[in-house]
Amino acid sequence: MEEVRPSEDRVVSSLEIEDGVARSDNVYEPTLLLPPKKRSLLRMFLACMVSGGIQYGWALQLSLLSPYAQTLGIPHQYVSLTWICGPIAGFVVQPLVGYYSDRCTAMMGRRRPFILAGCLIICLSVLMIGFSADLGRRFGDTKEHCGTTTGSRWAAAAVYIVGFWFLDFANNTVQGPARAMMADLSAGDYGPNVGQAIFAVWMAIGNILGYTAGANGKWHQWFPWLKTAACCDACANLKGAFLTAVVLIAISMTVTMYLADEKQLDKADVEAASGHGCISVFGDPFKSLKNMPPVLYKVLAVTFITWLAWFPFLQYDTDWMGREVYHGVPQGPKADIYNAGVREGAIGLLLCSVVLGVTSFLIPTLCRKLTSKVVWSISNFLVFGIMTAMVILSLVSTKGYNASLTAGLNGPNHTIKALALTLFALIGIPQAVLFSVPWAVASELTTQEDGGGQGLAIGVLNIAIVMPQLIISLTAGPIDKAFGKDNTPAFGIGGAFAFICAVLALVLLPKTRGTSNAVMAGGH
């Protein structure tokens, strides 16, 4: 029953409401029914804090783990294979979690149970990764001191990969429901672009903090106990950064669990909507794809190609700075130079995140004025230009990958380093679009067409993200080995896909502006 407020100086003892007025046996008092109380933007902003905590850990993963894997002896051409767990986890976990979070009848709401479980697994996973070198030594790796060993440490690599797998599964468990929750909370009052912009702002905050932690080379000095015989300076810095991730995720999760005022979903309504109470674990989520609006498949296609353009940068950004710009290698005499380049790359990603955060505030306005498809297309043209510039910069810095000309180089050219940092900062502009507009478009189309629930829509959209990651993970290594040009071939391919996607976005995407105020399908 909606809240009824009696007029001044009169008491309404009504037990029922008819035609917008309160009635009782003894009193007849016309009253207005109050609309549901609008959530404040501040409460919505704080309710999304968990996405910032998760992104903090994700920023550490993106900036530090590809270089760290190489310090364990995994060759550069095989590093991309360590990321293959991401697309597998995303392909399986996101649609299933999205489907069941749309139908979850837990007392704490639809999305929060999945957020809670995922955050706990993330904390355990980052601890495994951070202490993988120490665990590997206990499980039979070389007893040689980490400062002198140059071989592979396969036990540590195995612990690292297992932790990586659990981390990606848990990230997918949290991110989909967190996005869907923001779509739920923002739809009726503000529209989907606002909710997704808030999500993107928290991602930017998490990135800023995470990349700052990754760029910090003093964790081992502040906390000397982080260093062990198996874990030297760079490893200890990673360990310290990941320990802070556990603390921040715990805090942000607690805030979200308290402020996200989800209501319990009625079980009878769920069974009536789905047609049955006992749901096939793997069958129904994919059968429900048939209920999605046809235009959403065009959105999935454009999203697929967009992420083909982005994954080379996301996987190799700091490695590119360490190798092509700083002329270092992960092991041996130039390892310190490489690690300095990786930290400089993290600073570049920090600049990227600042630009991303500022741009995120402009996304709803730009989408209303230009339409989402135009904003999406422009962002891909920017990615094309930046990737092309990175390829050119790589060829200049490495003198065409001529080993005889670069053998004596022990650090970056200052002009090239400044240009590289500028490119890292500029890529934050299209990244703000990447992290908000595709989900806002999917949310609006699902709302308009009643396409089966926000969680499912976002989970299925994630398939269009993880499949490109699978392709890049499987092909980047062989391409690297075939060309022998480190990261440059992957960046060139990414730029080509960005150009293709910029054109397809204008041709395929519908005109949406992210201003729908309809309540999301499968509401509270």
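A nonpolar core is a set of buried Ala, Val, Leu, Ile, Met, Phe, Trp, Tyr and Cys residues joined through side-chain atoms within 4.5 Å; buried means under 20% relative accessible area, with a 1.4 Å probe and protein chains only. The model shown is predicted, so local features need pLDDT of at least 70 and side-chain atom pairs count only at pLDDT 80 or more, while totals for chains, interfaces and linings use all residues. Residues are numbered from 1 along each chain as its sequence is written, and side-chain values use heavy atoms, with hydrogens and water left out.

**View 1. The protein chain as a whole.** The protein chain has 21 helices and 3 strands (DSSP runs numbered from the N terminus: helices are H or I of at least four residues, strands E of at least two). Of its 524 residues, 57% are buried. Contact means heavy atoms within 4.5 Å. Among contacts between residues at least 6 apart in sequence, 82% join residues at least 24 apart.

**View 2. The largest nonpolar core, around Trp307.** This core has 122 residues, and Trp307 and Phe313 have the most contacts inside it. Helix H13 (residues 295-325) gives the most to the core, with 16 residues. Leaving aside neighbours within four places in sequence, Trp307 is in contact with Leu314, Leu434, Phe435, Trp439, Ala464, Ile465 and Pro468.

**View 3. The largest pocket.** A pocket is an open set of points on a 1 Å grid over the protein atoms alone, where a 1.4 Å probe fits, with protein on both sides within 12 Å along at least five of seven lines; lining residues have an atom within 4 Å of a point. The volume of the largest pocket is about 720 Å³, counted as the space filled by probe spheres set on the points. Its lining has 34 residues, with Thr71, Ala234, Pro330, Ala335 and Asn339 nearest the centre. Helices H2 (49-71), H8 (192-215), H10 (233-259) and H14 (335-370) each give two or more residues to the lining; the largest share, 6 residues, comes from H10.

View 4. Thr71 is found in helix H2. Thr71 counts as buried because its relative accessibility is 19%. Not counting residues up to four places away in sequence, Thr71 touches Arg153, Pro330 and Gln331.

**View 5. Helix H15 and the residue Lys399.** The 26 residues of H15 (residues 372-397) should span 38 Å at 1.5 Å a residue, and the end C-alpha atoms are 37 Å apart, which agrees. The expected span is 1.5 Å times one less than the number of residues. Just after H15, Lys399 takes a positive phi of about 55°.

Definitions and conventions: Buried < 20%, exposed > 50% of the residue type's maximum accessible area, 1.4 Å probe, protein only.
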